[in-house]
Amino acid sequence: MNARTTRTLAAVLSLTAAFAISGCSSDSGSGSGAKADGAKPKMTVSGAFMPEPVNDKMAGAFMVIKNGSGTADKLTAVTSALSDDLQIHETKDQKMQQVPSMDVPANGELRLERGGSHIMFMGLKSKPNVGDKVTVELRFEKSDPVKVELDVKERTYNAQAPTPTDGNAH
């Protein structure tokens, strides 16, 4: 096989695995996902947390946003009573930069995690402590908004495999 054939085969196998995994998932418990017949994409969130901020200047938020439909979407904004300035950030070449939106692929997920894409709270109105919960609302280009409770964790906490019970979507 040449390199192009190998890449094509790898891409097909990856897509097949992704479809198989998404088809077997049953952790939503919040109703059926959107159908690929023009209905809005259905977003669910797991593993949502915020490491305890060092001060009231900034904080990060991390989670996995899953799109249970055949329609791609974009995360376009995040709001919270904790800050009037929430930003969507990506990390490229070890540099963090604000972006206007992030893709949430059809039947896929957007992972917001340490060292990668994430949400930044700038200028906190108060400093949350370990054990507190911070509510955010995720806004999308096509989907309905999703309210999420972030569990405030120890500064060193890092979710390896988010479970559906971490961070509840409302």
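Which residue forms a salt bridge with Asp84, and how far apart are the closest N and O atoms?

Analyst: In this predicted model, Asp84 forms a salt bridge with Lys125, and the closest N and O atoms are 3.0 Å apart. Asp84 sits in the loop between E3 and strand E4 (85-92), while Lys125 belongs to the loop between strand E8 (118-122) and E9, so the pair ties together parts that lie 41 residues apart in sequence. Both residues, Asp84 and Lys125, are exposed.

This pair is one of 10 salt bridges in the structure. Another joins Glu52 to Arg155, with the closest N and O atoms 3.9 Å apart. Glu52 is buried, its relative accessible area being 17%, whereas Arg155 is partly exposed at 41%. Glu52 and Arg155 also belong to a network of salt bridges that includes Lys127.

A further salt bridge links Lys133 and Asp151, whose closest N and O atoms are 2.3 Å apart. Lys133 lies in strand E9 and Asp151 in strand E10, so the pair ties together parts 18 residues apart in sequence. Asp151 counts as buried, with 14% relative accessibility.

Strand E9 (residues 133-140), which holds Lys133, also runs antiparallel to E3, joined to it by four bridges. In that pairing, Val78 stands opposite Leu138 of E9.

Conventions:
Residues numbered from 1 in each chain as written. Predicted model: local features only at pLDDT ≥ 70, side-chain atom pairs only at ≥ 80, totals over all residues. Heavy atoms only, no water. Pairing = 2+ DSSP bridges. Helix = DSSP H or I, 4+ residues; strand = E, 2+ residues; numbered from the N terminus. Salt bridge = Lys/Arg side-chain N within 4 Å of Asp/Glu carboxyl O. Buried < 20%, exposed > 50% of the residue type's maximum accessible area, 1.4 Å probe, protein only.
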